[in-house]
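Have a look at it first, then read on.

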Amino acid sequence: QVQLVESGGGLVQAGGSLRLSCTASGLTFSTATTGWFRQAPGKEREAVATIAWRWSANITYYADSVKGRFSISRDNTKNTMILQMNNLKPEDTAVYYCAARNRADNRYWYLPGSYEYWGQGTQVTVSS
């Protein structure tokens, strides 16, 4: 049974930083794609960033809206994934979800429907 548990959300002023963590059990990180998605009120869930072990390295993908501000990383030996969020903006306010799927490729990395496992979500609120 796969379980994903997020932590680290909260309230921060615009321009500030937050660090989200996701710890997985029942999943082999080295053969999985893992990532962060977010959902704001009244909006669809959207991809933020994903990471997968390919070609002997962790390969990352980012949504255009967070490039240069967010950084995704993970420790394959500890099954832990981190999302470092800097220069936060009010439009980053959303519930952030950790997600995983049992294959290490980038096909449809941005589609929520291509992920099999989800965490419970953690609220991130950025005030202006």
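A residue counts as buried when its relative accessible area is under 20%, and as exposed when that area is over 50%. Keep in mind that this is a predicted model.

Q: Is Cys 22 buried or exposed?
A: The cut-off for a buried residue is under 20%. Cys 22 has a relative accessible area of 1%, so Cys 22 is buried.

Q: Which residue forms a disulfide with Cys 22?
A: A search of the whole structure turns up one disulfide. Cys 22 sits in strand β3 (residues 18-25), and its partner lies 76 residues apart from it, in strand β9 (residues 94-101). With the two sulfur atoms 2.0 Å apart, the partner is Cys 98.

Q: What is the handedness of the disulfide between Cys 22 and Cys 98?
A: Look at the torsion about the S-S bond, which is about -65 degrees. The disulfide of Cys 22 and Cys 98 is therefore left-handed.

Q: Which residue in β8 stands opposite Arg 74?
A: β7 and β8 (residues 80-85) pair in the antiparallel sense over six bridges. In β8, the residue facing Arg 74 is Met 81.

Q: Which residues are linked with Asp 92 in a network of salt bridges?
A: Start with Arg 38, whose side chain meets that of Asp 92 at 2.9 Å, N to O. Arg 38 lies in strand β4 (residues 33-39) and Asp 92 in the loop between β8 and β9, so this pair ties together parts 54 residues apart in sequence. Arg 69 also forms a salt bridge with Asp 92, the closest N and O atoms being 2.7 Å apart. Besides Asp 92, the network holds Arg 38, Glu 46 and Arg 69.

Q: How much accessible area do Tyr 108, Tyr 110 and Leu 111 have together?
A: Leu 111 is in the loop between β9 and β10 (117-118), and its relative accessible area of 36% makes it partly exposed. With Tyr 108 and Tyr 110, Leu 111 forms a nonpolar patch on the surface, and together they have about 290 Å².

Notes. Residues numbered from 1 in each chain as written. Predicted model: local features only at pLDDT ≥ 70, side-chain atom pairs only at ≥ 80, totals over all residues. Heavy atoms only, no water. Disulfide = S-S within 2.5 Å. Helix = DSSP H or I, 4+ residues; strand = E, 2+ residues; numbered from the N terminus. Buried < 20%, exposed > 50% of the residue type's maximum accessible area, 1.4 Å probe, protein only. Patch = residues over 30% accessible without salt bridge, like charges linked within 9 Å, V, L, I, M, F, W, Y side chains within 5 Å. Areas by Shrake-Rupley, 256 points an atom, 1.4 Å probe, with all protein chains shown as cover. Salt bridge = Lys/Arg side-chain N within 4 Å of Asp/Glu carboxyl O. Pairing = 2+ DSSP bridges.
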